[in-house]
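Start with the sheet, then follow the helices and the charged pairs.

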Amino acid sequence: MQDKKPEMKHFVSKLIPPRPTFHLDMSEEESSIMKEHAAYWQDMLEKGVVVVYGPVFDPSGVYGLGIIEAENENVVNTMLSNDPAVKSGLVRLEIYPMQAILRK
């Protein structure tokens, strides 16, 4: 008997920057932290955990967005808490469950 693969769920992660102008006026230290943040999520993308991620250029304020595939919200919370930008206190990440409809 084969082990049944757990059903994967999808979650939206929204990065809340520290200020509306953040994408335009990051300090060198902030930029360095955000490069670590991008590398962290790129690794998750390459592992197949993240479907897509990146900045959203909303005219009312730029924010980050990621679509994550995981067994449950606890797994996602662990990923978010290990994000270098979150660990540093620079940004805040919110997560929301999503009913994803994926291309076959």
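What follows goes from the sheet to its helices, then to salt bridges and a surface patch.

This is a predicted model, where local features need pLDDT of at least 70, side-chain atom pairs count only at pLDDT 80 or more, and totals for chains, interfaces and linings use all residues. Residues are numbered from 1 along each chain as its sequence is written, and side-chain values use heavy atoms, with hydrogens and water left out.

Four strands form an open sheet in the order β2-β3-β1-β4, with antiparallel pairing. Strands and helices here are DSSP runs, numbered from the N terminus (strands: E, at least two residues; helices: H or I, at least four). Pairing requires at least two DSSP bridges between two strands. β2 and β4 (92-98) are the edge strands, each pairing on one side only. On average, neighbouring strands are turned by 20 degrees against each other, direction ignored.

β2 pairs with β3 (residues 63-70) in the antiparallel sense over six bridges. There, valine 56 stands opposite tyrosine 63 of β3.

Helix α2 (residues 28-46) packs on the sheet and touches β1 (9-16), β2, β3 and β4. Contact means heavy atoms within 4.5 Å. The direction of α2 makes about 155 degrees with that of β2. Helix α3 (residues 73-81) lies across β1, β3 and β4, at about 135 degrees to β3. Axes are lines fitted to C-alpha atoms, for helices over the stretch in contact, with angles from 0 to 180 degrees between N-to-C directions.

Now the charges. The structure holds four salt bridges, each a side-chain nitrogen of Lys or Arg within 4 Å of a carboxyl oxygen of Asp or Glu. One joins arginine 19 and glutamate 30 (2.7 Å, N to O). Arginine 19 sits in the loop between β1 and α1 (22-25) and glutamate 30 in helix α2, so the pair ties together parts 11 residues apart in sequence. Glutamate 30 is buried at 14% relative accessibility; arginine 19 is partly exposed at 25%. Buried means under 20% relative accessible area, exposed over 50%, and partly exposed in between (1.4 Å probe, protein chains only). Arg19, Asp25 and Glu30 are linked in a network of salt bridges.

Another salt bridge joins aspartate 43 and lysine 47 (3.0 Å, N to O). Lysine 47 is exposed at 57%, while aspartate 43 is partly exposed at 32%.

Val51, Val52 and Leu102 make a nonpolar patch of about 250 Å². Patch residues have over 30% relative accessible area and no salt bridge; like charges are joined within 9 Å, nonpolar side chains (Val, Leu, Ile, Met, Phe, Trp, Tyr) within 5 Å. Accessible areas come from the Shrake-Rupley method with a 1.4 Å probe; for residues, only the protein chains shown count as cover. Valine 52 lies in β2 (residues 50-56) and is partly exposed at 45%.
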